[in-house]
Amino acid sequence: MLVLVAPGQGAQTPGFLTPWLELPGAADRLAAWSDAIGLDLVHYGTKADADEIRDTAVAQPLLVAAGLLSAAALGDVSPGAVAGHSVGEFTAAAFAGVLDATAALRLVRTRGLAMADAAAITPTGMSALLGGDPEVTVPHLEKLGLTPANVNGAGQIVAAGTLEQLAALAEDKPEGVRRVVPLKVAGAFHTHHMAPAVATLEQAAKELAPADPTVTYVSNKDGQTVATGAEVLARLVGQVANPVRWDLCMETFQGLGATALIEVCPGGTLTGIAKRALPGVATVALKTPDDLDAARTLVAEHTAV
């Protein structure tokens, strides 16, 4: 059983879309999406520097567009389940037919702008903690006033809060944590700091008519599968201010009988976690078009006929 997953913010790197635009039709597709959302995705995916694509309002639609573009290049795929990490849930919602590509990109453009506005209220950020025991780490974070915003499994938790709180964490790591790594994001996502963005998204979501998922959709909120488009959309809205439980998503993948996992562009983060947390599950990360053949082989070997 194949799972198709999409990464979240921080996975982007300067120029990462350049090789993808050499594929037939890719540049035209990206240009059309750029026109639809009023953002030059071609420029940001090929020529912009790291600071430009760190901007929340740019990074989020860029990542969703990259995921959709690479999935289209992969061809006709019928995964057993789909999921996305944080903003990657919008990519997954498009994979599942809940929203079409343009609707997903328009909504995520609104999300990025709203979250950037919310992040501007107070200087905040996020840091990944590598190693440690969640039962020790989480209380330590809470003592410092931080939120465990991403519980990713395989010994990784991402803390979010004010820059002062994150500086205190760097000086006072939880027992067992090897490293604290600041992430390339511009705010404390998936925390109460993002509450203003939820209200903006609620209004935007009222204009949409989501369809029910055509494949199993696994939600970041609690790792549960979601059967209706209305519930997927409600979770996309609320998840902005709630922690991401990727660890629970992976438990669900196991329960569903996953044997393979493909991470769309810019792949690497989620496959890295899966290699540690899902032993025996074959993985491919789509980083460049050179990875498409390996992914297609995985599709052929792990998709039910």
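**Figure 1. Strand E3 pairs with strand E6 in a predicted model.** Strand E3 covers residues 124–131. The pairing with E6 is antiparallel and runs over 5 bridges. Look for Gly131 at one of these bridges: the partner in E6 is Val177. Ser127 also has a partner in E6, namely Pro182.

**Figure 2. Strand E3 also pairs with strand E5.** E5 spans residues 156–162. Here the sense is antiparallel, and there are 7 bridges. Ser127 has Ala159 as its bridge partner in E5.

**Figure 3. Four strands build an open sheet.** Read across the sheet, the order is E4-E5-E3-E6. The pairing is antiparallel. Which strands form the edges? They are E4, residues 147–153, and E6, residues 177–182. Each edge strand pairs on one side only. On average, neighbouring strands are turned by 25 degrees against each other, with direction ignored. In a regular strand, side chains alternate between the two sheet faces.

**Figure 4. Six strands build another open sheet.** The order in this sheet is E8-E7-E2-E1-E9-E10, and the pairing is mixed. E8, residues 225–226, lies at one edge, and E10 is the other edge strand. Each of the two pairs on one side only. Now find strand E1, residues 2–6, and strand E2, residues 81–84. They pair in the parallel sense over 4 bridges. Leu4 stands opposite Val82 of E2.

**Figure 5. Helices H9 and H10 cross.** H9 holds residues 195–205, and H10 holds residues 229–238. Their axes come within 8 Å. The crossing angle is roughly 155 degrees. That makes H9 roughly antiparallel to H10, because angles over 145 degrees count as roughly antiparallel. The crossing is right-handed. From H9, the contact uses Val198, Leu201, Glu202 and Ala205. From H10, it uses Leu233, Leu236 and Val237.

**Figure 6. Helices H4 and H5 cross as well.** H5 covers residues 88–95. The axes of H4 and H5 come within 8 Å and cross at roughly 35 degrees. This crossing is right-handed. Which residues make the contact? H4 supplies Val64, Gly67, Leu68 and Ala71. H5 supplies Phe90, Thr91, Ala94 and Phe95.

**Figure 7. The largest nonpolar core has 77 residues.** Leu17, Trp33, Leu41, Leu105, Tyr217, Leu236 and Ile262 touch the most other members. Helix H4, residues 56–74, gives the largest share of this core, with 10 residues. A second, separate core has 17 residues, including Val3, Val244, Met250 and Phe253. In soluble globular proteins, nonpolar side chains tend to be buried together. Zoom in on Leu236 next. Residues up to four places away in sequence aside, Leu236 touches Glu89, Phe90, Ala93, Leu99, Leu201 and Tyr217.

**Figure 8. Ala258 sits in the loop between helix H11 and strand E9.** H11 covers residues 246–256, and E9 covers residues 260–263. Is Ala258 buried or exposed? Its relative accessible area is 16%, so Ala258 is buried, since buried means under 20%. Neighbours within four places in sequence aside, Ala258 is in contact with Met1, Val3, Phe253 and Val281. Gly155 is 103 residues away along the chain, and the C-alpha atoms of Ala258 and Gly155 are separated by 21 Å.

**Figure 9. Leu286 sits in the loop between strand E10 and helix H13.** E10 spans residues 282–285, and H13 spans residues 292–302. With a relative accessible area of 0%, Leu286 is buried. Among the residues in contact with Leu286 are Trp20, Ser70, Ile262, Glu263, Val264 and Cys265. Pro266, Gly267, Asp291, Leu292 and Ala295 are also in contact with Leu286. The C-alpha atoms of Leu286 and Val77 are separated by 14 Å, and the two residues are 209 residues apart along the chain.

Terms used: Residues numbered from 1 in each chain as written. Predicted model: local features only at pLDDT ≥ 70, side-chain atom pairs only at ≥ 80, totals over all residues. Heavy atoms only, no water. Core = buried A, V, L, I, M, F, W, Y, C linked by side-chain atoms within 4.5 Å. Buried < 20%, exposed > 50% of the residue type's maximum accessible area, 1.4 Å probe, protein only. Contact = heavy atoms within 4.5 Å. Pairing = 2+ DSSP bridges. Axes fitted to C-alpha atoms, helices over the stretch in contact; angles between N-to-C directions. Parallel < 35°, antiparallel > 145°, perpendicular 65-115°, else oblique. Left-handed = near helix turned anticlockwise from the far one by under 90°.
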